[in-house]
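I opened the notebook to go through one structure. The entries below follow the order of my look-ups.

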Amino acid sequence: MSKRAYNFNAGPAALPLEVLERAQAEFVDYQGTGMSIMEMSHRGAVYEKVHNEAASRLLNLLGNPEGYKVLFLQGGASTQFAMVPMNLLTAGKSAGYVKSGSWANKAIKEAKLIGDTFVAASSEEQKYLAMPDLSQLDLPENTAYLHVTSNETIEGTQIHKFPSTGNIPLVADMSSDIFCRPFDLNQFGLVYAGAQKNLGPSGVTVVLAREELVQNSPSHLSTMLRYDTHTDNNSLYNTPPSFGVYMINEVLKWIEEQGSLQGVEQKNNEKASLLYNTIDQSGGFYRGCADVNSRSIMNVTFRLGSEELEKQFAKESEQEGFVGLKGHRSVGGLRASIYNAVPYSSIKALTDFMNHFQQKNG
Ligand SMILES: *Cc1c(COP(=O)(O)O)cnc(C)c1O
């Protein structure tokens, strides 16, 4: 077997080795068809089976809640920043946004181009190092939806309890933590996620939506930007990102083999604890960026005593085979993205490196 990197990339990110190997085995000849899955018609029975399997696996892992549709779209989560307000922010309504960090701000920017918005809660004053308090939101009656970012990939914060919004649809950008733990889809009107962090390769965006919310898009909207085009056509209105959907299906099979979302969550908690404990027990040599109660189990952000030391850490870790530990260029510091597919052994290797680095430089 070839050597695998200790991959802490933020996205595109690590995929399960078992999935890559399975895909490799079927790459040239998919199940005796004499073709790669990439070479066949998206209208044929062979691809359609994969497509439908991936969609039903997504809902099955969430306990098959009733009345939800699965969409496989393109344009990334960034296109959903626009499609959500285009489809759901109708005249006379205002969309509520939780202003929790870099990604929330991008979502807000797009929504403002479409219609009225308001900030329902913000942690801007805490420099987004905590999730805003979502326990007592005051949402006006004409709120079209409340948008949250379940995990702020850049700052390393995560929502640990989603707000109850009653009749107001809750919309979540779950790009960087979807399926890292179980969640109750019934609480949400719509959930979206670019696949490239926890679900598969880049190029596919998964949308899980309550059918009644997305079946009547405003009539003026272009065909491709309407949710109802894609719900009416099982995400096969135009050519879907077929290889990406195939990979998602394989990743979902792998999640099932891990003990489904409960099993994955338990492993994620063990991985995150190992890393956060190493930070917390370093006597201040490493400092976690996020507020303890808002810490993400997917993106662990931390700092060292000086930017110089951080640079040295980044450089030496790279030499030792660790990939992707530099923090996002907008916030600096260091970040280890420990998505579902990053094995415990990678985090163990990282914490060993961190302890060693501290001994040398502490
Ligand atoms: C990565 C990310 C995005 C952007 O996804 P694209 O697929 O690149 O558009 C949006 N939101 C969150 C929370 C992310 O982590």
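Where does UniProt place the feature "domain: Aminotransferase class V"? The record, an unreviewed entry, puts it at residues 6-349; UniProt positions are in the numbering used here, feature names are shortened, and annotations may be inferred rather than shown by experiment.

I noted that this is a predicted model, in which local features need pLDDT of at least 70, side-chain atom pairs count only at pLDDT 80 or more, and totals for chains, interfaces and linings use all residues. Residues are numbered from 1 along each chain as its sequence is written, and side-chain values use heavy atoms, with hydrogens and water left out.

I looked up the span next: residues 6-349 are 34% helix and 17% strand, with their end C-alpha atoms 8 Å apart.

I checked burial: 54% of the 362 residues in the protein chain are buried (under 20% relative accessible area; exposed is over 50%, partly exposed in between; 1.4 Å probe, protein chains only).

I then turned to R43, where UniProt, in an unreviewed entry, places the feature "binding site". R43 sits in the loop between helix 1 (17-25) and helix 2 (45-61). Its relative accessibility is 48%, so I logged R43 as partly exposed. Leaving out residues up to four places away in sequence, R43 touches E48, L236, Y237 and N238 (contact means heavy atoms within 4.5 Å).

Key:
Helix = DSSP H or I, 4+ residues; strand = E, 2+ residues; numbered from the N terminus.
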